[in-house]
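Here are a few exercises to work through with the model open beside you. Try each task before you read its solution.

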Amino acid sequence: MDHHPRPDSTPAPGDAVLAPPMPVILRGDARALPLQDASVDLVVTSPPYYALRSYQDGGDHYVGQLGDEPSPRDYLAALLDCTREMVRVLKPTGSIFLALGDKYSGAQGQTQTGVHGRQHRTDTAATWRQTDPRRTGIPNKSLMLLPERFRIAAVDELGLIARAVIIWAKPNGLPESVTDRVRRSHEDWVHLTTQPRYYADLDEIRELYDGDRALSRRVKHFGPGKHVQRAAWHRQHLRGRIPGSVWLVSAQPLTVPASLGVDHYAVFPPQWPSRLVRAWSPLGGVVLDPFGGTATTALTAALNGRTGISVDLSADYGRLARWRATDPRERARAAGTDPAKAAPADPAQPDLFGGLTE
């Protein structure tokens, strides 16, 4: 795994400090991304879950959206097609981080846990497929194991390398109306690459040790030998330890202006993609979310000195993403600063919402 230290980006006295760039918001299909081959450094995305909810444009369910397939098998096939397209635009040194939720078989109108902690009731409209165990071959009330099936297919059918699965543990997840199993309060994010060696700079997200106490315990047990001294120097030099595979991050709500006429229930907090962007993409690199939604990934990438690109098939979500990416208060929230102190919106801000790619 290649290690590329980041250059010092702290401005010198007297240097002009430029505002973070705006992300690029495009309307397009994840199966045919409007990007060149090998042009993206990092993909961070959370595709729509299978048969969870209807995404709409102008109040109408639109054809071709991922998650509307007649069976879990068809859904996985469509998701693999989207993943092939991610691989096409990814540089050989790039990574893909993808979150995928699961579903219970036979979930006729039952409450489901949403992608980022919210709950939704399965849409009973005729356009939605009700999951029937006789059709899927999966026993009633059983998890379909869609994340596991996808990861296996990504390795077996696409030849990708599954480097890790990161558990997003959500301490503020909502309760579920179940009494015979545990409440689901986490998401699985899989880290996929095309090559054994790829860009990574985990110094950006290392966690500080409880240094003094940890070192004193080792000195007491082993004595002040070279081994302990070397361990202490090693920790100081590397600025802490590499994070583990469980990340505790609170979900955050998003309040959308009523004037937009769009609701979104699957917003992950900027803190999550920020870690991925800083550790697995270089400064100035390109970060893509092919299921852009509210442009959280693209906005976070831009605020971290990358080119953030959000692609979504929905015109409604493109409008929502454009608001999120340009609104000063939303940008302040994504940057971790006080939204109340944000500057007023710039009326001259250019429109970065592109047309649907043919």
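Buried means under 20% relative accessible area, exposed over 50%, and partly exposed in between (1.4 Å probe, protein chains only). Helices (H or I, at least four residues) and strands (E, at least two) are DSSP runs, numbered from the N terminus. The model is predicted: local features need pLDDT of at least 70, side-chain atom pairs count only at pLDDT 80 or more, and totals for chains, interfaces and linings use all residues. Residues are numbered from 1 along each chain as its sequence is written, and side-chain values use heavy atoms, with hydrogens and water left out.

**Exercise 1. Find the order of the strands in the open sheet, and the strands at its edges.**

Step 1. Two strands pair if DSSP finds at least two bridges between them. With that rule, 8 strands form an open sheet in the order 2-14-13-3-6-10-9-12, with mixed pairing.

Step 2. Strand 2 (24–27) and strand 12 (246–248) each have a single partner strand, so one side of each has no neighbour in the sheet.

Step 3. From one strand to the next, the twist averages 20°.

**Exercise 2. Explain why helix 7 counts as largely enclosed.**

Step 1. In helix 7, 7 of the 8 residues are buried, so the rest of the structure largely encloses this helix. Among them are Thr296, Leu299 and Ala302.

Step 2. Contact means heavy atoms within 4.5 Å. The buried residues of helix 7 pack against strands 3, 13 and 14, and against helix 6 (271–280), helix 8 (315–326) and helix 9 (328–335).

Step 3. Just after helix 7, look for Gly305, with a positive phi of about 80°.

**Exercise 3. Is Glu69 buried or exposed, and what does its side chain reach?**

Step 1. Find Glu69 in the loop between strand 5 (60–61) and helix 1 (72–89).

Step 2. Glu69 has a relative accessible area of 10%, so Glu69 is buried.

Step 3. The Glu69 side chain reaches the backbone nitrogen of Gly67 at 2.9 Å.

Conventions:
Axes are lines fitted to C-alpha atoms, for helices over the stretch in contact, and angles run from 0 to 180 degrees between N-to-C directions. A polar contact is a pair of N or O atoms within 3.5 Å; within protein, one must be able to donate a hydrogen and the other to accept it, and residues adjacent in sequence count only if both atoms are side-chain atoms.
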